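Colleague: I am new to this one. Can you take me through it, one question at a time?

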Amino acid sequence: MAQQLTVDQLRSVLSETLCPDAERRRAAENHLTQAQKVSGHPLVVLQIVASSDVADVAVRQAAAVHFKNIVKKAWSTSEDHAEISLSPADRNTIKQHLVELMCTVPPAIQMQCSTSISLIAAVDFPAQWDNLLPELVRKFSSPDPAVVNGVLLTANSIFKRFRYVQKSDALFKDILYVLEKVQAPLLTLFQTTGAAIDAYPNDPKQLEPRFRALRSMCRIFFSLNWQDLPEFFEDNMESWMKEFAKYLRYTNPVLENDADENEPTVIDSLQAAIVDNLNLYTNKDEEPFMPFLPDFTTLVWHLLMNVTSQPRHDELATTSIKFLAGLVEKLMHRKLFESEETLRNIILKIVVPNLMVREVDEERFEDDPSEFIMGDMEGGDTDSRRRCSQLLLRAMCRQFEVETTAITGEHVGGMLTEFTKDPANKWGAKDAAIHLMLGISIRAESEGKGVSIVNDKVNIMEFFSTHILPELQEPNMSVRPMLKATALKFVSTFRNQFTKEHLTSLMPLLIAHLSAPSVVVHTYAAAAIEKFLITKQEGSKTLKFGGQEIKPFLEPLFSGLFSILDHTELNENEYVMKCVMRSLSVAGGDLVQVTEIVLNKLTAALERVAKNPRNPQYNHYLFESIAVLIRYVCGKDPAYTQAFESLLFPPFQTVLQMDVFEFTPYVFQLLAQLLEYRAGDTGLGEAYTMLFPPLLTPTLWERRGNVPALTRLLEAYLHKGAKEIANHLLGMLGVFQKLVSSRANEQSAFDLLNAIISTVPPEVLQPHLKSLFQILLMRLQQASSPRYTRLVTQFFALFVGKFGPKAYLDQLGALQPGLGLMLLKQVWAPRFETTDLPIRMEAKVQVIGLTKMLCESPELLADANGAQLWSQVLKGAMKILSNPNVLLASGGADDIDFADVEIGYDATFSKLQFAVRAAHDPFPQVTDPSLTLVQSLHGLFSSKPGMFTPLIQQGLQSDPKLSANFESLFSKAGLHLV
């Protein structure tokens with residue numbers, strides 16, 4: 001058992017975690033993993049964080065990070081973290097001292113402590129940490145700006161949870177609690193901080209921390225006002241707006257003259273936060289704010305007139321443009337903007353300047369393509385000036401479409417003429433013209449499906465033919481690369497407006513651009529191809545450019561894509577790998593001839609990234625691409641499975657041996673997929689047989705991300721060769737017991753258990769059934785939940801379906817007489833009174849289990865109570881079958897429309913969509929469970945005529961629909977109720 005480390009020992013271990021030698025660093029990290037299992041360890045960590053005498057700043061910061069990770073993993077008591085000990089006493093001690101500690105440590109360590117407080121607060125605040133807020137508010141009066149900033153940053157982090165969430169009574173209770181403690185002190189602090197700023201006009205060391213404090217207070221204001229306008233803020237609207245207006249007018253050369261052109265000044269950041277708050281009130285149409293709106297509109301306009309093109313002003317520019325867009329699109333503000341002069345000024349002085357290519361954009365395009373793409377591409381994560389300017393144009397078109405289209409058209413015409421006169425030097429004018437067209441042409445679009453409605457006053461196809469197509473037809477990939485990227489973005493954006501013939505003629509041009517030396521250009525080409533391949537014919541589920549259309553282009557397409565992926569100097573490009581995945585998916589059955597080449601390319605890419613996984617999205621699409629090949633090639637002909645195994649097992653073994661934890665869940669899913677496609681007569685094979693025992697190693701199951709994937713793999717083993725691994729049943733049941741003890745893993749626990757019940761021979765299973773039922777009932781009694789009830793009753797149905805009601809009643813009766821019927825009455829049957837009715841395969845299994853309970857359980861008819869329970873069970877079966885969403889005959893993996901499925905990385909568990917399999921059918925011999933129910937009941941009724949009529953009425957009379965459906969089922973089966 002691990003021993004608690006002393007302060008000196010822990011300091012030494014933490015110091016080793018900073019060592020450049022990988023082996024020493026890994027050994028120290030393992031030492032920490034063992035140490036954190038001991039109660040009291042977090043308090044020793046905090047001793048190091050707190051004391052400058054014990055360790056230097058680097059070790060103290062390492063200790064702060066280690067503490068934050070402990071809190072992040074283990075503070076939530078609803079999760080199972082056996083690898084970390086956090087006793088109630090330790091938790092209380094931490095909460096008593098952490099705020100004070102945060103206020104006394106250096107800034108870098110303070111940030112880690114602040115994050116830890118926020119993580120704890122996300123679980124305990126306010127119900128179990130009622131002194132947190134009073135303690136933070138007391139620090140508002142500290143004379144040290146560093147302390148004030150620390151508590152404000154912490155409060156801001158805590159209150160962020162009030163944003164972007166659905167309204168609820170519990171949420172408003174928490175907000176009200178916070179408002180009562182914070183709202184008045186926050187306004188007072190804002191005003192006193194402003195007074196201090198006025199007192200130090202020429203001292204940047206005094207000004208900068210106070211401006212940062214004002215910015216944090218504005219973000220707190222944003223959180224507290226996000227759901228609704230609180231009464232205090234309404235009553236003090238004038239005070240707040242006076243302060244906001246003051247800082248929107250504020251200038252100070254002391255803070256601005258030596259400003260970095262790439263980083264916003266503290267004034268820029270504060271002004272952007274204030275405009276965000278104004279935007280919040282504007283979007284909510286808050287009536288008390290309306291008297292202040294005209295003045296703020298003028299102030300924001302002046303801000304936009306004075307922002308430079310420097311990157312430091314990007315946030316302020318985009319926030320201010322969004323504020324104007326929010327105003328101009330609303331009918332209630334129409335009078336502010338309806339004059340032609342105002343519309344012309346907005347386009348000339350705001351939209352056009354912020355659409356023009358800047359020198360910094362060109363530098364970013366060449367030197368930092370990932371950052372450029374993130375701000376520019378459809379669905380990017382950041383707001384760019386260009387994107388916000390286009391949103392402003394669209395907002396203007398909603399209210400003033402005719403005028404906005406005409407004025408913008410004048411600018412477009414002038415810019416294109418400018419380009420025509422000097423293409424080599426004036427390409428930026430054409431680039432801006434295309435972005436203007438993107439701004440006025442789109443009425444409605446979605447990220448996944450593209451533009452659905454266009455401005456009918458703009459001829460998109462004529463503009464495409466005249467101005468976009470020539471750029472794509474230019475064979476020299478080094479000519480006007482930024483303009484090429486914009487042209488590619490245009491065709492991707494308007495993919496829905498193109499016919500199949502357009503897409504066919506564009507495809508070779510897009511493939512040609514995969515050879516472009518510019519990362520942005522070949523990325524946009526790959527992204528456009530991927531979008532083309534999920535575009536559907538209007539009003540149809542049929543792809544506009546599907547398998548037949550892509551077939552002639554497969555060779556040059558894969559050649560172009562892999563020429564990028566094979567280029568080791570380029571970063572892993574997630575858009576290119578996503579295009580590989582999509583191309584493979586659409587090609588489907590035509591992949592056999594390119595399988596070996598593509599698979600070799602993919603495994604080579606896997607071997608490269610396994611050494612240093614950096615881009616989770618790229619890695620996900622890489623594994624999805626392998627899953628696509630397995631799905632369509634091995635699914636079509638299982639004989640190919642062994643060839644796939646010989647190519648994939650070496651890199652998979654490398655991943656498992658190197659313990660690349662980011663990749664192990666993917667490898668387990670693909671191993672399961674391959675095993676499921678193995679020909680039925682080949683068994684498990686030597687490699688799979690040797691791999692099985694290590695899969696039961698407890699440490700593998702401690703990683704949350706491994707659990708669903710490993711479970712899937714064990715299921716595949718059981719369905720493919722249960723007899724070959726039956727001697728490992730005890731180990732599998734041990735895994736089940738570990739999983740079922742955790743709420744987070746209970747779904748995987750029952751997936752494994754159901755596979756065991758469905759496949760392991762009864763004589764092998766029999767000795768373990770008693771302890772199995774004991775485990776299930778203990779969890780049901782001690783920590784049940786609606787989900788657990790659903791899972792355990794699903795298991796009951798499967799067990800009864802497989803082994804009959806007698807086995808179910810006998811097993812439970814051995815634990816407690818009558819327990820089986822009691823559970824049927826109190827747990828199983830009531831489940832069908834909820835809205836969470838089973839569908840698809842779950843419904844089939846339930847109906848089969850309930851049918852056997854109804855027709856093969858004499859105990860149910862032994863007395864009046866049993867007869868009443870029989871009626872209740874019948875009602876449950878009919879509720880399942882009467883559910884319009886039951887879909888008994890569906891649920892196969894081949895039914896999935898992958899063009900509509902969101903595919904991508906998930907930090908918790910990244911499920912490979914192309915490795916998804918159809919739900920296993922434990923009763924393939926039953927093709928129609930409703931018919932089985934009716935036929936079985938008919939046989940029962942015939943044996944005792946007239947006995948069941950009152951029981952049927954008792955069960956179904958409360959719902960006429962159930963009675964009608966019951967009679968309909970008998971009629972369809974050609975049978976009569978006896």
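Modeller: First, a definition. Buried means under 20% relative accessible area, exposed means over 50%, and partly exposed is in between. Keep in mind that this is a predicted model.

Colleague: How does Leu887 count: buried, exposed or partly exposed?

Modeller: Leu887 is found in the loop between helix H45 (864-882) and H46. Its relative accessible area is 40%. Buried needs under 20% and exposed needs over 50%. So Leu887 counts as partly exposed.

Colleague: How far apart in space are Leu887 and Asp376, C-alpha to C-alpha?

Modeller: In sequence, Leu887 and Asp376 are 511 residues apart. In space, C-alpha to C-alpha, the distance is 43 Å.

Colleague: Is Pro88 buried or exposed?

Modeller: Pro88 has its place in helix H5 (residues 88-102). Its relative accessible area is 60%. The cut-off for this class is over 50%, so Pro88 is exposed.

Colleague: What separates Pro88 and Arg614 in space, C-alpha to C-alpha?

Modeller: The two residues are 526 residues apart in sequence. From C-alpha to C-alpha, Pro88 and Arg614 are separated in space by 38 Å.

Colleague: How far apart are the C-alpha centres of domain 1 and domain 2?

Modeller: The domain assignment gives domain 1 as 1-87 and domain 2 as 683-751. It also gives domain 3, as 767-888 + 928-977. The C-alpha centres of domain 1 and domain 2 are separated by 31 Å.

Colleague: On to the rings. Which type of aromatic pair do Phe232 and Phe233 form?

Modeller: The whole structure holds 44 aromatic pairs. For Phe232 and Phe233, the rings are 5.9 Å apart, centre to centre, with 85° between the planes. Planes over 60 degrees apart count as one class, so the pair of Phe232 and Phe233 is edge-to-face.

Colleague: Are Phe232 and Phe233 buried or exposed?

Modeller: Phe232 and Phe233 belong to one aromatic cluster, whose members include Trp240, Tyr247 and Phe296. As for accessibility, Phe232 and Phe233 are both buried.

Colleague: Why is the pair of Phe649 and Tyr688 put in its class?

Modeller: The ring centres of Phe649 and Tyr688 are 5.4 Å apart, and the planes lie at 75°, so the pair is edge-to-face. Phe649 is in helix H32 (residues 641-658) and Tyr688 is in helix H34 (residues 685-695). The pair thus links parts of the chain 39 residues apart, and both residues are buried. The class rests on the plane angle, 75°.

Colleague: How is H46 oriented to H48?

Modeller: The axes of helix H46 (residues 929-943) and helix H48 (residues 960-972) come within 10 Å and cross at roughly 90°. That makes the orientation of H46 to H48 roughly perpendicular.

Colleague: Which residues of H48 make the contact?

Modeller: From H46, the contact uses Ser930, Val934, Leu937, His938 and Phe941. From H48, it uses Phe966, Leu969 and Phe970.

Colleague: Now some loops. Is Asn745 buried or exposed?

Modeller: Asn745 lies in the loop between helix H37 (729-740) and helix H38 (746-759). Leaving aside neighbours within four places in sequence, Asn745 is in contact with Arg704, Val707 and Leu739. Its relative accessible area is 10%, so Asn745 is buried.

Colleague: What is the phi of Arg480?

Modeller: Arg480 is found in the loop between helix H23 (460-473) and helix H24 (481-493). Arg480 is buried, with a relative accessible area of 19%. Although it is not a glycine, its phi is positive, at about 45°.

Colleague: Is the peptide bond from Phe125 to Pro126 cis or trans?

Modeller: Pro126 is found in the loop between helix H6 (107-124) and helix H7 (132-138). The omega of the bond from Phe125 is near 0°. The peptide bond from Phe125 to Pro126 is cis.

Terms used
Residues numbered from 1 in each chain as written. Predicted model: local features only at pLDDT ≥ 70, side-chain atom pairs only at ≥ 80, totals over all residues. Heavy atoms only, no water. Domains from an automatic or database assignment. Phe/Tyr/Trp six-rings, centres within 6.5 Å; stacked < 30°, edge-to-face > 60°. Buried < 20%, exposed > 50% of the residue type's maximum accessible area, 1.4 Å probe, protein only. Helix = DSSP H or I, 4+ residues; strand = E, 2+ residues; numbered from the N terminus. Axes fitted to C-alpha atoms, helices over the stretch in contact; angles between N-to-C directions. Parallel < 35°, antiparallel > 145°, perpendicular 65-115°, else oblique. Contact = heavy atoms within 4.5 Å.
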